[in-house]
Amino acid sequence: MTLSLLNTKLNTQDKCIAYLEKLRWDNKPKCVFCESKNVRKRKKSMRWHCNDCKKDYSVLVGTIFEGTRLELPKFMQIILLMINAKMGISASEIARNTGVKYQTAWFACHKIRCAMINNELKLEGMVEFDEAYIGGKKKKLVANEANLSQITNKRGRGTSKTPVVGAVEKKGKVYVKIIEKLNSRNLLAMLKSKVDTDQSIVFTNGFRGYSQFDNVVEHIKINHSKGYGKGVKTINTIEGFWSIIKNGIKGSYRAISKKYLPFYLAEFSYKYNNRHLQKNALHEILVNAVKDESCLINYKPKGNPREIVERQRGKKIKMSQNG
Ligand SMILES: [Zn+2]
């Protein structure tokens with residue numbers, strides 16, 4: 001259905017514009033600047049004019065498509081490729097598949113990830129919490145006593161990877177967040193903002209940062225040193241999610257620096273949370289893409305994407321040569 005939608009309904013610029021206008025305004029067009037309904041469509045143009053604030057605009061203003069020179073049907077193709085790539089897809093592969101320039105593909109992918117961010121998510125039921133270290137590169141390891149304690153450290157300190165905390169409903173949705181300091185205060189703040197504590201039981205490992213959870217929610221600690229939990233008393237769901245992210249990043253994106261990591265986390269979370277939504281996946285992304293309140297929607301990374309990626313790859317290649 002999605003492919004046919006692409007080939008029949010979204011195969012020209014005009015059709016894409018009409019589709020987005022319907023999604024965003026539902027036949028009740030309004031000004032994107034002052035929200036006035038006193039607007040009119042310009043003749044032979046995709047632009048609108050506001051009779052109140054006198055500004056011109058198109059439906060793309062304030063969406064992930066604003067300012068793009070990429071034709072919208074191509075943009076739609078890229079969205080579809082991204083959604084269908086369970087383990088992620090690199091910008092160079094997108095470029096090869098669609099015939100757009102690498103740089104254009106890279107920007108488009110980041111914008112699409114913006115439409116995948118969901119900050120309104122609230123979890124409930126049986127919720128697993130866990131922390132992981134993602135992206136970056138491993139520190140060069142020298143076998144001496146001091147480093148040995150770092151290597152065996154479960155919390156992964158001593159790497160340049162970024163600490164990420166995840167919360168996932170068993171058989172449900174996931175929320176992940178970068179938390180630089182893994183302390184009780186920050187973990188508790190995430191619990192309170194993302195989990196309906198009255199309606200949930202939370203499972204964690206034995207890390208002492210989680211100990212204050214006892215005060216606000218029903219909290220079950222799984223003590224790995226005494227063997228793994230059984231039945232529902234596990235944190236297998238979140239561990240499964242970590243391996244999806246880690247394998248996806250390793251396979252498709254290589255090393256990812258801290259500042260871009262949130263976008264990739266958004267992508268993997270979105271795909272995980274919408275894994276049952278295959279049919280209307282493209283439609284769902286577009287709904288997000290034209291939402292007024294979408295954060296970071298006009299985010300533009302500074303610098304040349306090719307250089308950013310090469311720089312990270314270069315580091316990684318050097319590292320593996322040394323190691
Ligand atoms: Zn206006």
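This is a predicted model: local features need pLDDT of at least 70, side-chain atom pairs count only at pLDDT 80 or more; totals for chains, interfaces and linings use all residues.
**Stop 1: helix α2.** Start by selecting residues 13-25, which form helix α2. At 1.5 Å a residue, these 13 residues should span 18 Å, and the end C-alpha atoms are 18 Å apart, so the two agree.

Now colour Cys16, Leu20 and Arg24: they are the buried residues of α2. They cover an arc of only 60° around the axis, which puts them on the same side of the helix.

What covers the buried residues? Show α3 (72-84) and α10 (281-289), which are among the elements covering them.

Stop 2: Next, bring up the open sheet of five strands, in the order β6-β5-β4-β7-β8 and with mixed pairing. Look at β6 (174-178) and β8 (218-221) at the edges: each has a single partner strand, so one side of each is left without a neighbour in the sheet. From one strand to the next, the twist averages 25°.

Zoom in on β5 (residues 162-169), which pairs with β6 in the antiparallel sense over five bridges. Here Gly166 stands opposite Val176 in β6.

**Stop 3: helices on the sheet.** Select residues 184-194 to see helix α7 packing on the sheet, where α7 touches β4 (123-134), β5, β6 and β7 (195-204). The direction of α7 makes about 135° with that of β7.

Finally, pick residues 236-253: this is helix α8, lying across β4, β5 and β6. Helix α8 runs at about 40° to β4.

Methods
Residues are numbered from 1 along each chain as its sequence is written. Helices (H or I, at least four residues) and strands (E, at least two) are DSSP runs, numbered from the N terminus. The expected span of a helix is 1.5 Å times one less than its number of residues. A residue is buried if 20 or more other C-beta atoms lie within 10 Å of its own, exposed if 12 or fewer, and partly exposed in between; C-beta atoms are placed from the backbone. The arc is that of the directions from the helix axis to the C-beta atoms. Two residues are in contact if their C-beta atoms, placed from the backbone, lie within 7 Å. Two strands pair if DSSP finds at least two bridges between them. Axes are lines fitted to C-alpha atoms, for helices over the stretch in contact, and angles run from 0 to 180 degrees between N-to-C directions.
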